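Let's take a friendly walk through a protein model together. Have the sequence and the 3D view ready, and follow along strand by strand.

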Amino acid sequence: EVQLVESGGGLVQPGGSLRLSCAASGFTFSNYIMRWVRQAPGKGLEWVSGISSGGRVTNYVDSVKGRFTISRDNAKNTLYLQMNSLKPEDTAVYYCNAVAAISRYEYWGQGTQVTVSS
């Protein structure tokens, strides 16, 4: 069974930090590009960050550059998002997304809620 399970979300004050995790199973994690995508209340999906299958290449939406860091541990089949200096506008459900490097077939997690109080 293919699974992507996000964890680490919660309620934090502005300026605080959270570390999100995405535990993958049921597929060859090391062959997949990984992404974090978020959805704020009443808004559409917004791509946040991506990382290449080997972890060498990373990129971010401009609004989180310098604050968020994406990483992965292929030995543990786990994706991470370190979120620092959080702002109220970061409030959203954060989804883990796996994309096959060649076929582009993809899987999605159920999401984890991040709320930054104002």
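Predicted model: local features only at pLDDT ≥ 70, side-chain atom pairs only at ≥ 80, totals over all residues.

Residues are numbered from 1 along each chain as its sequence is written, and side-chain values use heavy atoms, leaving out hydrogens and water.

**Paired strands**

Strands here are DSSP runs labelled E of at least two residues, numbered from the N terminus. Two of them pair if DSSP finds at least two bridges between them. The table lists two such pairs.

| Strand pair | Direction | Bridges |
|---|---|---|
| β4 and β9 | antiparallel | 8 bridges |
| β4 and β5 | antiparallel | 6 bridges |

Gln-39 has Leu-45 as its bridge partner in β5. β4 and β5 form a hairpin with 5 residues between them. In that turn, Gly-42 has a positive phi of about 75 degrees.

**The nonpolar core**

A nonpolar core is a set of buried Ala, Val, Leu, Ile, Met, Phe, Trp, Tyr and Cys residues joined through side-chain atoms within 4.5 Å. Buried means under 20% relative accessible area, exposed over 50%, and partly exposed in between, using a 1.4 Å probe and protein chains only. The largest core holds 30 residues, and Met-34 is among those with the most contacts inside it, together with Trp-36, Phe-68, Leu-79 and Tyr-94. β9 gives the most to this core, with 5 residues.

What does Phe-68 touch, leaving aside its neighbours within four places in sequence? Counting a contact as heavy atoms within 4.5 Å, its partners include Arg-38, Val-48, Tyr-60, Leu-81 and Tyr-94.

**The disulfide**

A disulfide is a pair of cysteine sulfur atoms within 2.5 Å. The whole structure has 1 disulfide, and it joins Cys-22 to Cys-96 with an S to S distance of 2.0 Å. Cys-22 lies in strand β3 and Cys-96 in strand β9, so the pair ties together parts that are 74 residues apart in sequence. The link of Cys-22 and Cys-96 is left-handed, with -75 degrees about the S-S bond. Both Cys-22 and Cys-96 are buried.

**A glycine in β2**

Gly-10 is found in strand β2, which covers residues 10-12. Is Gly-10 buried or partly exposed? With a relative accessible area of 24%, Gly-10 is partly exposed. The C-alpha atoms of Gly-10 and Thr-112 are separated by 8.0 Å, although these residues are 102 residues apart along the chain.

Technical notes: Helix = DSSP H or I, 4+ residues; strand = E, 2+ residues; numbered from the N terminus.
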